[in-house]
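Colleague: I am new to this one. Please show it to me, and then I will ask about the words you use.

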Amino acid sequence: MAVGVGGEILPETLEKMVDNCSAIFVDIQALIRVFETNERVKLGLIKESGFYHLLPCVSSEEALFMDMEKVRQWCCVVVTHGKDGCGIYRKDGKIKIEPFGANQMDPTGGRDSFLGGFVGGLVHGLGVHDAAFVGNFFGSLSVAQIGLPKFDLRLLQDVMKEKTVVAL
């Protein structure tokens with residue numbers, strides 16, 4: 001499950017999902033978006049959102065709205081850093097997952113492709129570290145193309161043989 005645009009799900013609903021599912025993937029922007037009366041959208045503080053007690057996978061910009069040290073004590077948080085890869089924050093430490101080099105042609109969909117690769121890796125039995133590696137791979141392939149990305153399974157198989165995980 002990936003929760004997208006703000007306002008689509010209530011804290012109570014997400015809490016029930018957490019109670020009933022083994023894993024839930026949430027785009028933090030969906031939880032911190034605030035819709036103002038003049039139809040403008042801004043990012044609010046996670047502590048004020050009603051979702052603070054239910055957190056998870058964020059970009060480095062979104063992490064500014066969270067107390068990462070507190071959140072990582074009770075759940076795994078994956079923070080995407082675009083061209084710089086991603087970081088995994090857990091109670092027992094932090095790990096940086098190195099990026100893949102990509103000649104960025106179009107950034108549209110890079111983070112969505114990361115999330116798809118990450119969730120796909122988890123669904124296929126990979127641990128968080130390996131799934132984040134796969135997410136970085138798909139994100140880099142996506143931004144290196146214009147339009148709908150084309151993926152080659154053989155390339156993924158080759159890349160998985162040479163993955164790199166570095167302690168932060």
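Here are some questions about the terms, with answers.

Modeller: This is a predicted model, where local features need pLDDT of at least 70, side-chain atom pairs count only at pLDDT 80 or more, and totals for chains, interfaces and linings use all residues. Residues are numbered from 1 along each chain as its sequence is written, and side-chain values use heavy atoms, with hydrogens and water left out.

Colleague: Why is serine 113 called buried?

Modeller: Buried means under 20% relative accessible area, exposed over 50%, and partly exposed in between, with a 1.4 Å probe and protein chains only. Serine 113 has 15% relative accessibility, so serine 113 counts as buried.

Colleague: What makes aspartate 112 exposed?

Modeller: Its relative accessible area is 60%, so aspartate 112 is exposed. Aspartate 112 sits in helix 5. Serine 113 is in helix 5 too, which covers residues 110-123. Helices here are DSSP runs of H or I, at least four residues, numbered from the N terminus.

Colleague: Which residues does serine 113 contact, leaving aside neighbours within four places in sequence?

Modeller: They are Gly135, Phe138, Gly139, Ser142 and Phe151. Contact means heavy atoms within 4.5 Å.

Colleague: How do you know that helix 6 is largely enclosed by the rest of the structure?

Modeller: Of its 16 residues, 14 are buried, so helix 6 is largely enclosed.

Colleague: How far does helix 6 reach from its first C-alpha to its last?

Modeller: Helix 6, residues 128-143, reaches 22 Å, close to the 22 Å expected. The expected span is 1.5 Å times one less than the number of residues.

Methods
Helix = DSSP H or I, 4+ residues; strand = E, 2+ residues; numbered from the N terminus.
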